[in-house]
Amino acid sequence: MSMRKNLRLVIATAAAAAMTGGLLHVSTGAVAAAPAKHVDDYNGDGHRDFATGTWGSFTVTYGTAKGPGTKTKKFTQDSPGIPGKAGNTDGYRDAFGATLTSADFNSDGYADLAVGDRTERVGNASEQGAVTIVWGSKSGLGSAAGRIPVLKGYTPERLGTSLAAGDFTGDGKADLAVADNITTYIYRGGFSKSGGTGKITRHSPSNGHDFIEPTKLVAGKVNKDKATDLYVLGDGFVNDHTQAAWFLRGGSTITPGALTTYNHDSDFYDADGVIADFDKDGYGDLAVGDLRRDGDAGSLAVLRGGANGPVSTRHLSQATEGVATGVTPGDHFGLKVSAGDTNRDGYPDLAVSVPGEKVGAAASAGGVHILRGGKKGLTGTGSQWFTRQTSGVPGSAAKDARFGQDVRLRDLDRDGDADLLISDSGKKSVLLSGGSGGITTRSAREIPLRASFPQ
């Protein structure tokens, strides 16, 4: 639905429909306990775990001292304790698991998983959407789960379109940001299994002229205070259709900031973004894919951070000096991005996927660039380029394989530098290790983990 239609629906709604299936009621109570060591350690063993979702389900792979292990568990809405019913609703594809984020929402020492389901019917409200928290425990994620409430006076449409977790209020408790088709909601901690979350507030540009239809929430540290900040990405309406990023500054009061247009053309793709301090000036920068540029060749918009949010915007693309490939319509440079220090120099680097790239004679075989962070921020200097044709990478370049459909940088082997995990359009993923010289193919191998777990 269009943003304008959604806006009319929100304004016309007088009351929210009741949500069923493990409802969490609003409460000011909080659980005073030591939070989990990692925001995604669902069983409290000190190792990061990996939740990957698709439309209709999510799967958790438990971590070990050496990285992802072999213990996995799949969940649908037919799993014990999970609210709702699996399968399509009102003709819409089941979106349970399409969006995920992790945090220790109830501060009990076990990370929990928030699961979005934007197409869920709730009561009489078709496509109201729902968000379920699946609680962590000593045995990991299980049958303890409950839905978050909606804000009184509003019936959201497609609640759970995007999710992000962080301490947005700076009070030491995990908060949850949830987007529907028009509004971003902040659910303040603490949450409890017995029925509690803090105050809920709603946020959207309010000057009457500029709007943004959210497609992606990106949480991270932008300024130098203790609160997590938030960017709302999506289709904007600033004089005309645009791609835009709206900044929300964290704090005891969530403060609206700049609405930054980075392309004057609607993006029919859900833009991906990540926040990292690429130039180490103390302020977090937003890197977001700008896929519509140059006939869907794509580019990367970088919003440099400052004390009050974004201070400047620049673009990098396959035309940037040092980047290995050339600009070709349909490449989708920037479809997925992920940040991490791959070469131990202290600066975050950025993985940028190009799943539409032609490799040899294979159209849309795909690949991934690593752009280096440094004193000047992200540049093409010293960048790396990986495809299935790269020496040491298992497999071979294939037409429409879209290598780079998903991508993550994370220290999966626990040796102190970020490793590169690349997935294609099928079920295969390749793990490339980081090191003092950057990403290497020396020990490259395929693993059964999708590169789509929360960043």
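This is a predicted model: local features need pLDDT of at least 70, side-chain atom pairs count only at pLDDT 80 or more; totals for chains, interfaces and linings use all residues.
View 1. Strand 16 covers residues 273–276. Strand 17 covers residues 285–290. The two strands run antiparallel, and 4 bridges join them.

**View 2. Side chains of strand 16 point two ways.** In a regular strand, side chains alternate between the two faces of the sheet. Gly273 and Ile275 point one way. Val274 and Ala276 point the other way. Are these residues buried or exposed? All are buried.

**View 3. Asp49 is buried without a salt bridge.** Asp49 sits in the loop between helix 1 (3–12) and strand 1 (50–54). Which side chain of opposite charge is nearest to Asp49? That is Arg414, 8.6 Å away. A salt bridge needs the charged atoms within 4 Å.

**View 4. The side chain of Asp49 reaches two backbone nitrogens, those of Tyr42 and Gly63.** A polar atom of the Asp49 side chain lies 2.8 Å from the backbone nitrogen of Tyr42. The backbone nitrogen of Gly63 is reached at 2.7 Å. Beyond its neighbours within four places in sequence, Asp49 is in contact with residues including Asp40, Asp41, Asn43, Val60, Thr61, Tyr62 and Arg410.

**View 5. Ser57 is a buried residue of strand 2.** Strand 2 covers residues 57–64. Ser57 has 7% relative accessibility. It counts as buried because the cut-off is under 20%. Leaving out residues up to four places away in sequence, Ser57 touches Lys74, Phe75, Thr76, Phe96 and Gly97.

Conventions: Residues are numbered from 1 along each chain as its sequence is written. Side-chain values use heavy atoms; hydrogens and water are left out. Buried means under 20% relative accessible area, exposed over 50%, partly exposed in between (1.4 Å probe, protein chains only). Contact means heavy atoms within 4.5 Å. Lys and Arg count as positive and Asp and Glu as negative; His and the chain ends are not counted. A polar contact is a pair of N or O atoms within 3.5 Å; within protein, one must be able to donate a hydrogen and the other to accept it, and residues adjacent in sequence count only if both atoms are side-chain atoms. Two strands pair if DSSP finds at least two bridges between them.
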